[in-house]
Amino acid sequence: MIPGLNDERLHELGEGQGFRFACHPGVPCFNQCCRKLTLWLTPYDALRLKRRLGLTSQEFIERYANVETGQNGWPMPMLAMREDDPERTCPFLGESGCTVYEDRPGACRTYPLGRATKGGTGGGPSQEAFFLVREDHCQGFAAGREWTPSQWMQDQGLETYNHVNDLFLPIITRQAPDPDPQIIARKMQMFLMACYDLESFRRFVTTSRFRELFVIPALRLELVETNDLELLKLAFDWLRFAIFTDDTLTLRQAV
Ligand code: SF4
Ligand code: SF4
């Protein structure tokens with residue numbers, strides 16, 4: 001899904017079809033696209049940015065996001081544009097461009113493409129399609145080399161972004177309905193902790209009965225103590241197990 005864009009600006013790229021594009025500080029529209037954005041921060045976006053900025057996940061969300069409710073009822077942190085600027089620029093836009101360039105969100109990397117995925121529950125989607133997104137103000141289409149979608153994804157460092165976002169799909173694309181509002185509220189809290197508060201989720205894994213309840217290989221447990229990405233993957237597995245009863249984790253026999 002590409003929020004905020006109407007269909008006329010989207011052109012699906014057929015098999016083997018490419019596009020011409022160049023974006024660099026010399027383009028007349030440089031940084032025009034970094035304002036008034038409706039940009040959803042995925043859990044991996046938040047992880048990269050909080051680490052870049054030396055913040056905890058909670059500090060990052062409090063300072064840089066407005067948490068809205070998404071289509072399936074899940075909390076969705078949206079990147080907060082600067083309110084002290086009538087242009088509503090991105091908080092990470094500096095005089096020379098993006099100040100978090102190496103850790104910029106996946107959506108910033110993917111433009112001018114949109115990536116749509118469908119199906120798949122474990123390691124990735126069963127179908128993938130790419131769309132060319134033509135924003136009126138963007139002059140990047142006027143010159144530059146030809147790209148295929150996969151060349152663009154590689155050039156923009158999107159492999160891990162797409163991989164982790166695909167692992168998140170089986171959660172975000174499903175609803176967690178329940179007649180009891182207290183249970184719904186509890187599920188939302190679990191979602192926020194697992195996806196957007198990694199320090200709390202790490203405490204939960206290391207200090208609660210988590211290890212007694214689940215069979216988790218020792219190496220994986222060791223990794224999650226220091227590695228945020230491995231922790232996030234475990235968080236997705238736990239959410240799927242706890243909310244949708246997917247077989248992503250195994251309970252110990254005696255439990
Ligand atoms: S994160 Fe960087 S590239 Fe993305 S909108 Fe903000 S300034 Fe622009
Ligand atoms: S509007 Fe297009 S060409 Fe201009 S800076 Fe943004 S992405 Fe690059």
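Which element gives the most to the lining of the second largest pocket, and with how many residues?

Mentor: That would be strand E8, with three residues. Before we go on, this is a predicted model, where local features need pLDDT of at least 70 and side-chain atom pairs count only at pLDDT 80 or more, while totals for chains, interfaces and linings use all residues. Residues are numbered from 1 along each chain as written, chains are lettered from A and ligands numbered from 1 in the order written, and side-chain values use heavy atoms, without hydrogens or water.

Now the pocket. On a 1 Å grid over the protein atoms alone, a pocket is an open set of points with protein on both sides within 12 Å along at least five of seven lines, a cavity is a set where a 1.4 Å probe fits but cannot get out, and lining residues have an atom within 4 Å of a point. The second largest pocket comes to about 220 Å³ (the space filled by probe spheres set on points joined across faces, edges and corners). Its lining includes Glu-12, Leu-13 and Gly-14, along with Glu-128, Ala-129 and Phe-130. By type, the pocket lining splits into four nonpolar, four polar and three charged residues (Ala, Val, Leu, Ile, Met, Phe, Trp, Tyr, Cys and Pro are nonpolar, Asp, Glu, Lys and Arg charged, the others, Gly among them, polar).

Helices H1 (43–53), H2 (57–64) and H6 (181–196) each give two or more residues to the lining of the largest cavity, with H1 giving the most, four. That lining has eight nonpolar residues, one polar and one charged; Leu-47, Phe-60 and Tyr-196 are among them. Domain 1 (7–171) and domain 2 (177–251) both contribute to it, so the largest cavity lies between them (the bounds come from an automatic or database assignment).

As for that boundary, 26 residues of domain 1 are in contact with 18 of domain 2 (heavy atoms within 4.5 Å).
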